[in-house]
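Thanks, everyone. Please bring up the sequence and the model, and follow along as I go.

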Amino acid sequence: MDKFIGYMNLTLKHLLNVIMAVLTLSVFAQVIFRFVIRQPLSWTEELAIYCLVWLTFLGAAYAMSLKAHIGVEFFTDLFPLKIRQLLFILATVASIAFYLIMVIQGYDLVRQSLTQLTPVLRLPMGYVYSVIPISGLFLIINLIHLFAKEIKTGGKTV
C-alpha cells in the first residue's frame, strides 16, 4: 500500500508541476500580448484562474502527504502523550468527515454544473469544479495513510 500511495503522490506532484507550468505560460503570454503586442488575449486570464484553483486544491492534497499543513502544536504540546494521541485521533476523524463532505457535495456540484459553460474557454464548469471531489479523495487517502503510520509507530511523533 505504501508503494501505491507513493506513486499516487509522485504522479500528483508531476501533475502539479504541469499545472504550474501552464499557469506560468498563460500569465506570461497575457503580459506579452497585452503590453508588448497590445492585443490582449481573452482566454489566458480564465485559464490562469482555473489553473490556480486546481493548483490550490491538489496542492493541499499533496501537502497532506508531506505533513506540510500548519498545525497549532503549542497547545497540544502542553498535554501528556495519551491526551495528544486522543486529540490527534479526534482531529483526524473530523478532517476525514470534512473531506468526505467535500467529495460528496463536490460530486453533486460537478454533476449539476456540467451543462454550464465557462465564459471564454467554453468548457463545462463541471470540469473546473471536479477538482473538489478529486482533491477530497486524495486528502482522505493521504490522511488515512498518515494516520496508519502514526498508529504503527505508537503515536510517538504526534
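Arg84 and Asp77 join through their side chains in a salt bridge, 3.9 Å from N to O. By salt bridge I mean a side-chain nitrogen of Lys or Arg within 4 Å of a carboxyl oxygen of Asp or Glu. Asp77 is partly exposed, because its relative accessibility is 47%. On that scale, buried means under 20% relative accessible area, exposed means over 50%, and partly exposed lies in between, with a 1.4 Å probe and protein chains only.

A word on the source. This is a predicted model, where local features need pLDDT of at least 70, side-chain atom pairs count only at pLDDT 80 or more, and totals for chains, interfaces and linings use all residues. Residues are numbered from 1 along each chain as its sequence is written, and side-chain values use heavy atoms, with hydrogens and water left out.

Back to the charges. How many salt bridges does the rule give? The count is three. Side chains of opposite charge can pair when their charged atoms come close.

Next, look at Arg111. Its partner is Asp108, and their closest N and O atoms are 3.3 Å apart. Both sit in helix α4, residues 81–112, and because they are three residues apart, about one helical turn separates them. Helices here are DSSP runs of H or I with at least four residues, strands are runs of E with at least two, and numbering starts at the N terminus. Arg111 is partly exposed, at 48% relative accessible area. Asp108 is partly exposed too, at 22%.

Now Glu150 and Lys67. Their side chains form a salt bridge at 3.1 Å, N to O. This pair links distant parts of the chain, 83 residues apart. Glu150 is in helix α6, while Lys67 is in the loop between α2 (43–65) and α3 (73–76). Which of the two is buried, and which is exposed? Glu150 is buried, with a relative accessible area of 8%. Lys67 counts as exposed, at 51%.

Stay on Lys67 for a moment. Its phi is positive, about 55°, although Lys67 is not a glycine. Arg38 also has a positive phi, near 65°, and is a residue other than glycine. Find Arg38 in the loop between α1 and α2. Arg38 is exposed, with a relative accessible area of 63%.

On to helix packing, with α6 as our guide. Axes are lines fitted to C-alpha atoms, for helices over the stretch in contact, and angles run from 0 to 180 degrees between N-to-C directions.

Take α2 and α6. They pack at about 10°, with axes 8 Å apart. The two helices are therefore roughly parallel. The cut-offs are these: under 35 degrees is roughly parallel, over 145 roughly antiparallel, 65 to 115 roughly perpendicular, and the rest oblique. Contact means heavy atoms within 4.5 Å. On the α2 side, the contact residues include Val53, Trp54, Phe57 and Met64. On the α6 side, they include Ile134, Phe138, Leu139 and Leu146. The contact residues divide into 14 nonpolar, three polar and no charged.

Zoom in on Ile134, in helix α6. Ile134 is partly exposed, at 33% relative accessibility. Leaving aside neighbours within four places in sequence, Ile134 is in contact with Trp54 and Leu58. From Ile134 to Phe57 is 77 residues in sequence, and 8.8 Å in space, C-alpha to C-alpha.

Now α4 and α6. Their angle is about 160°, and their axes are 7 Å apart. That pair is therefore roughly antiparallel. Their crossing is left-handed. A crossing is left-handed if the near helix is turned anticlockwise from the far one by less than a right angle, and right-handed if clockwise. The contact of α4 with α6 has 18 nonpolar, five polar and one charged residue.

Last, α1 and α6. Helix α1 spans residues 2–36 and α6 spans 131–152; they pack at about 135°, axes 11 Å apart. That makes α1 oblique to α6. This crossing is left-handed. From α1 come Asp2, Ile5, Met8, Asn9 and Leu12, and from α6 Phe138, Ile141, Asn142 and His145. They divide into five nonpolar, three polar and one charged.

Conventions: Nonpolar A, V, L, I, M, F, W, Y, C, P; charged D, E, K, R; others polar.
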